[in-house]
Amino acid sequence: QTAGWVQCEELCQQFPHGITDQVIQNDMPHLEPQQRAMAINKLLSLGQLDLLRNSSGLLYRMKDMQSTSKMKGSDNQEKLVYQIIEDAGNKGIWSRDIRFKSNLPLTEINKILKNLESKKLIKAVKSVAASKKKVYMLYNLQPDRSVTGGAWYSDQDFESEFVEVLNQQCFKFLQSKAEAARDSKQSPMVQRNSSFATSHEVWKYICELGISKVDLSMDDIETILNTLIYDGKVEMTVIAAKEGTVGSVDGQMKLYRGVNPVIQPTGVVRTPCGLCPVFEDCHEGGEISPSNCIYMTEWLDF
Amino acid sequence: MTAQEVRLCGLLLQEHFGEVVAKVGTHLLKSGAQNLRTIIHETGISLDLVKKSLCVLVQHGTCVFSSGRKAPGSPTEYRTSCDRILRILRYPRYIYTAKTLYGDTGELIIEELLQRGDMTMSSTVKTVADRLTQNMEEGRSMDYSEVSSAFSKLVETHFLQRCPPMAGAGTKDSGTPATPATPAIPGTPAAPVSTAPPTPESFPDCYRVPHVTLIGRGKRRLSNEDGEDQRNAKKTKMDSETHGDEGIYWQVNFERFHLHFRDQAIISAVANKLDQTSSEIVRTMLRMSEVTTSPTATCTKPLSANEIFRSLPSSYNIPRPILDQYLTLLVDDPMEFVGKAGESGGGMYVVNLHKALANLARATLESVVQERFGSRSARIFRLLLRKRHLEQKQVEDFAMIPAKEAKDMLYTLLSQNLVQLQEIPKTPDYAPSRTFYLYTVNQLPTARMLLQNCYKTVANLIERRLFESKESKRLLEKSQRIEAILASLQASGAEPEQLTEVEEMITAPEKQQLEALRLHINKLDSAENQVDETIFLLESYVNSTMSVY
């Protein structure tokens, strides 16, 4: 009886890709199906066989001796989790996603994560998008910008003041350049061209100003310059540039220059009604009406 | 014909023509075309007063009449429209423009015509000459020919036009000059007139100055005839002198003034954005295109750089290559005031009228958002104008505004209807978690909404002005009485003590109050004009988009 399962074991070792029931039968024709089943079960309970299913039926495969030696419960799971985190690169992965990928229960995951963290193999980084979410990544990786928010976020807080300061500095730089061009009294084409500054120039100026504790890239400066465009203070053109020219990206450069507003503040905003917060509620004969409007009274006595 | 427009028209009619006309006018605005009987019945005003009000309205071109729609021969129906009445707000601007272009003479001609609605050339010339003479030194008077030449110039540049003759005007009684150009008295069944009022420009003689024999000089009215002023004014019309232009009545051509204002707006925008020289070039281009471009054209006819160079004012001595550079810069500017239409003649250039109006309207909207909600909301607004549709997160990222504040600002703008939300569902059931919500700004509907707000603002200002005057009515009447007493005392040579005694009848605080009142009324008046500038820009923009369709 005992020879049955030993022989099965040897068969499995002979065929590392796995054997079907048919193969065992061929090899040991004298074994009853029941005995065969008992042998397989014995091997399975010893943890030496993997039971797999393929298109033709059940497959019995020897477990890898290497991994079986390391396969001591949690260690293997740790390896799995570590693998998953490594795959996530520098974007990191959320604990729930690790659970989905590894099919391990949550408690196990948490234990493993704590373990790995103490071994200094992984670290947790708070994501700027959802402040409660923690993503895990390998210890020595730099977190990606989408997680930390890049240069504009320091510890989850958007640095509006910093952005404001940069905004003003960039605008002053472009404005003074435009003024210098205007005062030079050269031909209009030359004047306009010299009032332009490339994003690279602005970036260099800001770096030299030294107002930023963080290193800013040219892309960062371009986002700031874009906000100036949306403020209506600056306009941008793109020109083709030779590859290798300082500041060119993909054969083109972005040029920015300060512009003047096209109209003065329009007539209606110079009246109290144009700025009135209760404009909709104002009717002659109502509680709020032109006759008793306090905003008008203040404005008239100004 | 929105409620705000009707309210504003009512106030304007009341100020210029009185309560009765205002009542009849607003009634017609609200109810559409009606015949005389219905008007009398619904307003409860007597036949006589209604007739007179309609006369006034027709005289000023605010009301048109046509034969009844029910059947030929049914009583004439009367119809008013808001547009013409809203022009009353702009009268000061028209008069001021005429003054800058044609001096005092032009100013007075336009003023007379605006006040009377329409007049013959001869009566205009005589009245204006009299008025000018009044202001001149003793012994000098204004010659009719000077005034006539100013009149002709106004006609040549199309600022004045002939009134279209009424088709059924044969029944006009030319012997009653008290109200010139009275159409058929409405009570009698009128001869069928054309159903649609013909435009003045459909008549070939629209801008032809008639041959008028006008020899003479202005008459100065002596001061003791002050009380007879009113009667004299009417007497001038009953003057039996004929000058060869009976039946030819002239009116102010508002459209032409509007084109002029539009050109001015474009020129000043170019001056603000670029520089003085560029604006002079654009001014030259617009001046050259004045007569060749139709009012609703999208852009002027192409002008060659050579022509522009020749037509530049001589004070601007810029060499030809520099002019080319300026033109290139104008074309390259993102506002696209000027476009290039070809290469012949050194480059063919056009002024993009509709695009310029759209840009000016957009700048107006941005200005309103900026003043009302702050520069960061204005940043979001401009961002949405540029990028059309954006999600909440994208708005925060592009505008570099923290999420909480950006959300707040977007919702405020949304509640004021300056920004709209577009839903794009991923699944047919519009589940909120599976729908894209995109913010967007639609320039045209927003401009229309702002225009209505402007109408309401002007109406508010007028009402406040009336209220302030009513509050201080007693004080005003007292000061008027005192002035009259003073004037009569001075005329009859009183002693200084008597004068001071009368003057002291107004106490110091009352004087202060009067002064404050005067300041308030002036401020409100000038505010009305300022809002009218915004109204003009927005109206031109809205009309330019409509004429395309």
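Me: What does a search of the whole structure find in the way of salt bridges, and what makes a pair count as one?
Reply: A search of the whole structure finds 33 salt bridges over all chains, where a salt bridge is a side-chain nitrogen of Lys or Arg within 4 Å of a carboxyl oxygen of Asp or Glu. This is a predicted model, in which local features need pLDDT of at least 70 and side-chain atom pairs count only at pLDDT 80 or more, while totals for chains, interfaces and linings use all residues. Residues are numbered from 1 along each chain as its sequence is written, chains are lettered from A in the order in which they are written, and side-chain values use heavy atoms, with hydrogens and water left out.

Me: Why is the pair Lys254(A) and Glu222(A) called a salt bridge, and what parts does the pair tie together?
Reply: The N to O distance between these side chains is 3.1 Å, which is within the 4 Å limit, so the pair is a salt bridge. Because Lys254(A) lies in strand S11 (residues 252–258) and Glu222(A) in helix H12 (residues 218–230) of chain A, the pair ties together parts that are 32 residues apart in sequence. Helices (H or I, at least four residues) and strands (E, at least two) are DSSP runs, numbered from the N terminus.

Me: Which classes do the partners in the salt bridges of Glu107(B) with Lys99(B) and of Lys340(B) with Glu343(B) fall into?
Reply: Glu107(B) and Lys99(B) meet at 3.3 Å, N to O; Glu107(B) is buried at 17% relative accessibility, while Lys99(B) is partly exposed at 36%. Lys340(B) and Glu343(B) meet at 3.4 Å, N to O; here Lys340(B) is partly exposed, with a relative accessible area of 42%, and Glu343(B) is exposed, with 60%.

Me: What makes Asp333(B) a buried residue, and where does Asp333(B) lie?
Reply: Its relative accessibility is 3%, so Asp333(B) counts as buried, and this residue lies in the loop between H13 and strand S8 (338–342) of chain B. Leaving aside neighbours within four places in sequence, Asp333(B) is in contact (heavy atoms within 4.5 Å) with Arg257(A), Lys273(B) and Leu274(B). Asp333(B) is also linked with Glu235(A), Arg257(A) and Lys273(B) in a network of salt bridges.

Me: How do you know that chain B and chain A touch, and how many residues are in contact?
Reply: On the contact rule, 50 residues of chain B are in contact with 50 residues of chain A. The two chains bury about 4600 Å² between them, 62% of it on carbon and sulfur atoms, where buried area is the accessible area (1.4 Å probe) that two parts lose on being put together, summed over both. In chain B, Arg379(B), Met400(B) and Arg464(B) lose the most area to chain A, together 16% of what that side buries.

Me: What makes Arg379(B) a salt-bridge partner of Asp231(A)?
Reply: The closest N and O atoms of Arg379(B) and Asp231(A) are 2.9 Å apart, and this value lies within 4 Å, so the pair meets the rule. Across the interface of chain B and chain A the rule finds two salt bridges.

Me: How many disulfides does the rule give over all chains, and what is the nearest cysteine sulfur to Cys273(A)?
Reply: The count comes to zero disulfides over all chains; Cys273(A) is in no disulfide, and the nearest cysteine sulfur, that of Cys282(A), is 6.4 Å away. Cys273(A) has 9% relative accessibility and therefore counts as buried.

Conventions: Disulfide = S-S within 2.5 Å. Buried < 20%, exposed > 50% of the residue type's maximum accessible area, 1.4 Å probe, protein only.
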